[in-house]
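The sequence and the structure are shown first.

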Amino acid sequence: MGDEPYISVIGAGLASEDEVAAAEEIGRLLAEAGAILLCGGLGGVMDAAARGCDAAGGTSVGILPGEDRTAGSAHLTVRIATGLGEGRNVIVARAADAVIAVGGEFGTLSEIAFALKMGKPVVGLGTWSLDLEGLPGDPLQRASDPVDAVAKALEAAERLAGSSW
């Protein structure tokens with residue numbers, strides 16, 4: 001223990017049924033791969049990913065915005081109450097070896113931006129598309145489904161770490 005990949009799963013607190021289903025499958029697949037799941041710890045995509053991870057016997061860590069660690073998803077293994085509000089998005093990005101973005105709103109966009117700025121690989125599933133003048137294409141890796149998203153995130157994390165899990 002200790003060398004497993006840490007993968008953040010990010011997305012909206014109020015997510016669509018498709019996003020929730022995808023996040024739950026991603027959480028399950030990450031647990032089955034032996035990865036540690038990180039998330040913002042609340043509802044929607046975060047809760048679904050933690051639920052999938054929990055169902056598969058994995059470890060999930062919620063980086064909560066408030067000061068009350070009991071406010072997080074019931075499916076989390078560990079709850080970290082930061083008291084930082086949206087500032088906790090920096091921690092969600094920083095603590096990960098790779099990030100999977102599922103759908104999302106502006107909070108998700110901020111986590112994507114922080115992760116990219118920190119040099120973390122980001123895999124997108126139905127999420128934001130980034131187009132900046134002068135930038136050679138979208139910096140996110142695109143996934144076709146939850147299986148593809150997890151495979152790409154684990155591969156990117158392994159490449160970044162220079163080790164295998």
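## The aromatic pair

In this predicted model, the count of aromatic pairs comes to one. The partners are Phe106 and Trp128, whose ring centres are 5.5 Å apart. Their planes stand at 35 degrees, so the pair is classed as tilted. Phe106 belongs to helix α4 (residues 106-117), while Trp128 is in the loop between β6 and β7 (141-142). The pair therefore ties together parts that are 22 residues apart in sequence.

The two partners fall into separate accessibility classes. Phe106 has a relative accessible area of 65% and is exposed, because the class of exposed residues begins over 50%. Trp128, with 27% relative accessibility, counts as partly exposed.

## The nonpolar cores

The largest nonpolar core comprises 29 residues. Ile7, Val9, Ile26, Leu30 and Ile100 are the residues with the most contacts inside this core. Two or more residues are contributed by each of the strands β1 (6-11), β2 (36-39), β5 (98-102) and β6 (122-125), and likewise by each of the helices α1 (17-32), α2 (45-55) and α5 (146-161).

The surroundings of Ile7 can be listed in detail. Apart from neighbours within four places in sequence, Ile7 is in contact with Leu30, Ala35, Ile36, Leu37 and Leu38, as well as with Ala98, Ile100, Ala153, Leu154 and Ala157.

## The packing of α1 against α2

Helices α1 and α2 pack with their axes 6 Å apart, at an angle of about 40 degrees. Their crossing is right-handed. On the side of α1, the contact is formed by Glu19, Val20, Ala23, Glu24, Gly27, Arg28 and Ala31. On the side of α2, the residues are Val45, Ala48, Ala49, Arg51, Gly52 and Cys53. Sorted by class, this contact has seven nonpolar, two polar and four charged residues.

Glu32 lies in helix α1 and is exposed, with a relative accessible area of 53%. Between the C-alpha atoms of Glu32 and Gly52 the distance is 10.0 Å, and the two residues are 20 apart in sequence. Asp54 is placed in helix α2 and is partly exposed, at a relative accessible area of 40%. Asp54 and Thr77 are 23 residues apart in sequence, with 7.6 Å from C-alpha to C-alpha.

## A residue of strand β5

Is Val99, at 1% relative accessibility, buried or exposed? Val99, which is found in strand β5, counts as buried, because buried means under 20% relative accessible area. Neighbours within four places in sequence aside, Val99 is in contact with Ser8, Ile10, Ala115, Pro121, Val122 and Val123. The C-alpha atoms of Val99 and Lys152 are separated by 9.9 Å, and the two residues are 53 apart along the chain.

Leu42 is located in the loop between β2 and α2. With a relative accessible area of 31%, Leu42 is partly exposed. Not counting residues up to four places away in sequence, Leu42 touches Asp47, Leu64, Pro65, Ala71, Ser73 and Arg88. Leu42 and Ile112 are 70 residues apart along the chain, and their C-alpha atoms are separated by 18 Å.

Definitions and conventions: Residues are numbered from 1 along each chain as its sequence is written. This is a predicted model: local features need pLDDT of at least 70, side-chain atom pairs count only at pLDDT 80 or more; totals for chains, interfaces and linings use all residues. Side-chain values use heavy atoms; hydrogens and water are left out. A nonpolar core is a set of buried Ala, Val, Leu, Ile, Met, Phe, Trp, Tyr and Cys residues joined through side-chain atoms within 4.5 Å. Buried means under 20% relative accessible area, exposed over 50%, partly exposed in between (1.4 Å probe, protein chains only). Helices (H or I, at least four residues) and strands (E, at least two) are DSSP runs, numbered from the N terminus. Contact means heavy atoms within 4.5 Å. Rings of Phe, Tyr and Trp (its six-membered ring) pair if their centres lie within 6.5 Å; planes under 30 degrees apart count as stacked, over 60 as edge-to-face and the rest as tilted. Axes are lines fitted to C-alpha atoms, for helices over the stretch in contact, and angles run from 0 to 180 degrees between N-to-C directions. A crossing is left-handed if the near helix is turned anticlockwise from the far one by less than a right angle, and right-handed if clockwise. Ala, Val, Leu, Ile, Met, Phe, Trp, Tyr, Cys and Pro count as nonpolar, Asp, Glu, Lys and Arg as charged, and the others, Gly among them, as polar.
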